[in-house]
Amino acid sequence: MSRFPSPAEVVHDAERSRQWLAGAAHGAGVDRDALRELGAAMAAVTAAAAEREPVALTAVPVGVDPPIAKPLPPELLRRLDTNAEMRWSAMAGQGYVVPTDRFFVRNHTVTPRLDPATWRLSLFGDGLHGAPTRTAPVEFSLDELRRLPAEESTALVECAGNGRRFFAAQQGEPAPGVAWGLGGVGVARWRGVRLGTVLRRAGLRDDAVDVMPEGLDPHYVTGGIDLGRVRRPLPVAKALDDVLLAYEMNGAPLPADHGFPVRVVVPGWIGISSIKWVGPVEVSTTPLFSPWNTQFYRLFGPGHPADGTLLGAQPVKSAFELAWDARVPAGAELLLRGRSWSGNGPIERVEVDTGDGWRAADLVAADRGGPWQRWTVRWRPPTAGRHTLRARATDRTGAGQPERADPNTLAYLFDAVVAHPVTAC
């Protein structure tokens, strides 16, 4: 019979507790009362995680590399401690992809400075023939990866917390964590080798079920607990589908902040799946767990089980290419521009409300079927003073944007219509 862990053990070993729950769900011989007790313990852990999820403020000593390597011009990026959010006004007049200089940065710790000559992609685990170990893995150098068949993918990467601050600002609900607006997202041209190609060359077994890439950034310590390096498993089916091991971004080698020398790109899925600075990759015949799929990046709270609902694809969002609380000329006709996107598929329809009801926006034809959709709508501010702009989209699956996002403990996946203020003068 499985041993029931105490609540204290659950707090300090979220991975084991998650595995235990999974075993119980498959009939591991635990009685229902015990399962309910553990569910309550996990709920308590969730409340504690809500307080720990924000990245701690980082004081950078003199002579130490800053947490973000690239310049952070305030007109392009808004710094959020170890992170940087793209300003949507910086996309005005830009093309389809986000230029690298204004692409958002999501760091759990700091950007590592890695040597490409000594870097290795190291695959191990019983999901590979011969069961190579972490200390004796199957390895690929950067040059070896570059010699494999290369592919280019125009793909969107988005933080699961993108839009988080609107839970509080628009809905009056708690929003722990990094206070992203809508700028924790970007589309880039990624070039690299398919993860599936590398897995097969490493000896992927038919009964492998999970693949867990791990970053080479420093260990993430929160609440006094060292959670190790950032890592999160993918199902083998997804890993073999459209996942890329990218070594170029927008036609140039990956910058340090975006995963140099190699990162994972998982189209449509929450950003934590696209591990940066990837090094070790575990391949397993049994499900894999880490704090990033047990404690974090799950939906906890009302309507969800005690151990949460695992996050996968991103919901629908829309944003104006306009500064927050922008000043615009009263009485003059304006061409408003924006973009909409969804992890479930291409955008089919966009509507905009400038204060007189919803009307269809004009979609840029060249974007149809892509990871995000540009659109325009004409508006003449009728009077001087404050106005509110709103945009909503519907994707190919029929999913749209509600007036109010469903709350969850860690404030992920905000998908409601955002009220964007402007002042006509």
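A residue is counted here as buried when its relative accessible area is under 20%. By this criterion, strand S25 (residues 420-424) of the predicted model is mostly covered, five of its five residues being buried. His-420, Val-422 and Ala-424 point one way from S25, whereas Pro-421 and Thr-423 point the other way, and all are buried.

Strand S25 is paired with two further strands, described here in turn. Strand S18 (residues 326-328) and S25 run in the parallel sense and are paired over three bridges. Within this pairing, Val-328 stands opposite Ala-424 of S25, a residue that is itself buried. Strand S24 (residues 385-395), by contrast, runs antiparallel to S25, and five bridges join the two strands. Here Thr-388 has Pro-421 of S25 as its bridge partner. Pro-421 points from S25 the opposite way to Ala-424. In general, the strands of a sheet pair through backbone hydrogen bonds, in either a parallel or an antiparallel arrangement.

An open sheet elsewhere in the description comprises five strands in the order S4-S3-S14-S7-S10, and its pairing is mixed. Its edges are formed by strand S4 (138-140) and strand S10 (234-235), each of which pairs on one side only. Strand S7 (residues 210-215) pairs with S10 over two bridges in the antiparallel sense, and Pro-235 in S10 is the bridge partner of Asp-210.

Pockets were also examined. The largest pocket has a volume of about 340 Å³. Its lining consists of 20 residues, and Glu-85, Trp-88, Arg-165, Leu-182 and Trp-324 are those nearest the centre. Strand S2 (83-86), helix H5 (165-171) and strand S17 (317-320) each supply at least two residues of this lining; S17 gives the most, with three residues. Classified by residue type, the lining of the largest pocket contains eleven nonpolar, five polar and four charged residues.

The second largest pocket has a volume of about 280 Å³. It is lined by 16 residues, with Thr-154, Pro-267, Gly-268, Gly-370 and Pro-371 lying nearest its centre. Strand S5 (residues 151-158) gives the most to the lining of this second pocket, namely four residues. By class, the lining of the second largest pocket has six nonpolar residues, nine polar residues and one charged residue.

Key:
Residues numbered from 1 in each chain as written. Predicted model: local features only at pLDDT ≥ 70, side-chain atom pairs only at ≥ 80, totals over all residues. Heavy atoms only, no water. Pairing = 2+ DSSP bridges. 1 Å grid on protein atoms, 1.4 Å probe; cavity = no way out; pocket = protein on both sides within 12 Å on 5 of 7 lines; lining within 4 Å. Points joined across faces, edges and corners; volume = space filled by probe spheres on them. Nonpolar A, V, L, I, M, F, W, Y, C, P; charged D, E, K, R; others polar. Buried < 20%, exposed > 50% of the residue type's maximum accessible area, 1.4 Å probe, protein only.
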